[in-house]
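Visitor: I would like to learn how to read a few local features of a model. Please take them one at a time.

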Amino acid sequence: MLFDTIAAISTPRGEGGIGIVRISGSDAFTILQKIFKPKSGKKIEDLRNFSINYGHIYDGEEIIDEVMVSIMRAPHTYTKENVVEINCHGGYIITEKLLETVLKYGARHAEIGEFTRRAFLNGRIDLTQAEAIIDIIHGKTEKSVSLSLNQLRGDLKEQIEHLKKLILDVAAHINVVLDYPEEGIDDPLPENLVGNLQEVVDTTDKLIRSYDKGKMIKEGIKTAIVGKPNVGKSSLLNSVLREERAIVTHIPGTTRDVIEEVVNLKGIPLILVDTAGIRKTDDIVENIGVEKSKKMIDSADLILFVIDGSRELEEEDFKIHEAINSEKVIGILNKIDIERKVDLSKLTKVNKWIEISAMKNIGIDEMEDEIYRHIIDENVEDSSQKITLTNVRHKSALEKTKQYVENIFDTINSGLPMDLMAVDIKGALDSLSEVTGEISSEDLLDHIFSNFCVGK
């Protein structure tokens, strides 16, 4: 099946300006010869490479559509195979009919992600670049797409190749020492090779630590707005969204369930969750919402702890304060347009307070700036200069690499024979190869490419 000629619709189903049917494989031009008549009258083999050609698609004597056909000859194509893209009128019926015609004359319908899978298997891209493509397609913000574009460009691939070279230099030295003792090479590793290993540890550590931030940029920051009833949580949500999403009243307990919305905060997907006010209640429905709110405090990446500045602290405030993690909380002092009565000195878990009036839209921009600063640091601020992991598979493989190299240091520090390092060196190289897909199981590839659409 790997060498079959495949075809699929590459544009979304439905009406549009154009529809594209993509063909890839050794028989792509043979199939095109059977169904396409260029207006120029040229034969398919005479059409210039990387050219777009006007004509008609036929099924026998029946005209299917007026089209523009792109010609791309191997190996300089997405899949490194012969590729044809037929641009037809964008309608559901016409694109389906065109695809049926292509399949009728010799192509097989592509499986999910099969075009990109062929690009990987044919050496056009490595596995990190294949994963970057799907991340670009699913990207929610410019910053997440920017990180994926860096990966597609090959930044991570180049970094992995550099780490492998550092380890291979060590492996080469050890092999010479063990295989050619008559050469009189010293058993202890030279300082420059010890430096190689230290660079591998330091680099993998930085990449692993970048994952938490990268994951947030890719998937979004789950941000829980918590506080006792009627402190202005729903008004805060509405202010950030710039719309009346949540119902706002002076009646405590109006919000009885969690309300979730996504806002683009300077390129970061902020998943805002307005929770039910946490308090004791006999209302069964509201109590369910309160329990969900408590769970949200534990699972959220960031907590906006809202306090009503016009009221003194109450038991509910202190209970929420005890439940929150000080490292992921920003204090929001709301209703600053009203006379202040609150004393915040006892809420010691909150290191930063932002003063706002959600109803009058005062301080909202400053609050958003603080949220951004809390999320983003130097690890990912300049994504064009730094590699940031966004894929847990990469993180896991690099964690194994780091552990193997640390095992080598243990061997060195314990004064054990050099040949004991061989297993850990192989393990480190294999785990790095897992990142780029040089070592990969069929199940892993099936899982990765199942996230693609059929025509990609």
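Visitor: In which helix is Lys 164 found?

Guide: The model is a predicted one. Lys 164 is found in helix H6, which spans residues 155–179.

Visitor: Is Lys 164 buried or exposed?

Guide: Buried means under 20% relative accessible area. Lys 164 has a relative accessible area of 10%, so it is buried.

Visitor: What is Lys 164 in contact with, apart from its neighbours within four places in sequence?

Guide: Lys 164 is in contact with Leu 429, Leu 432, Ser 433 and Glu 438, leaving those neighbours aside. With Ser 433 there is a polar contact between the two side chains, at 3.4 Å.

Visitor: How do helices H4 and H5 pack?

Guide: Angles over 145 degrees count as roughly antiparallel. H4 (residues 127–138) and H5 (residues 142–153) pack at about 155°, their axes 8 Å apart, and are therefore roughly antiparallel to each other. Their crossing is left-handed. Residues making the contact include Ala 132, Ile 133 and Ile 136 of H4 and Val 145, Leu 149 and Leu 152 of H5. By class, the contact has six nonpolar, four polar and three charged residues.

Visitor: What is the backbone like at Asn 230 and Lys 335?

Guide: Phi of Asn 230 is near 70°, a positive value in a residue other than glycine. Asn 230 sits in the loop between strand E8 and helix H8. For Lys 335, also not a glycine, phi is positive, near 65°; Lys 335 lies in the loop between strands E12 and E13.

Visitor: Which peptide bond is cis?

Guide: The bond from Ala 74 to Pro 75 is cis, with omega near 5°. Pro 75 is in the loop between strands E5 and E6.

Note on methods. Residues numbered from 1 in each chain as written. Predicted model: local features only at pLDDT ≥ 70, side-chain atom pairs only at ≥ 80, totals over all residues. Heavy atoms only, no water. Axes fitted to C-alpha atoms, helices over the stretch in contact; angles between N-to-C directions. Helix = DSSP H or I, 4+ residues; strand = E, 2+ residues; numbered from the N terminus. Parallel < 35°, antiparallel > 145°, perpendicular 65-115°, else oblique. Left-handed = near helix turned anticlockwise from the far one by under 90°. Contact = heavy atoms within 4.5 Å. Nonpolar A, V, L, I, M, F, W, Y, C, P; charged D, E, K, R; others polar. Buried < 20%, exposed > 50% of the residue type's maximum accessible area, 1.4 Å probe, protein only. Polar contact = N/O pair within 3.5 Å; in protein donor to acceptor, adjacent residues only side chain to side chain.
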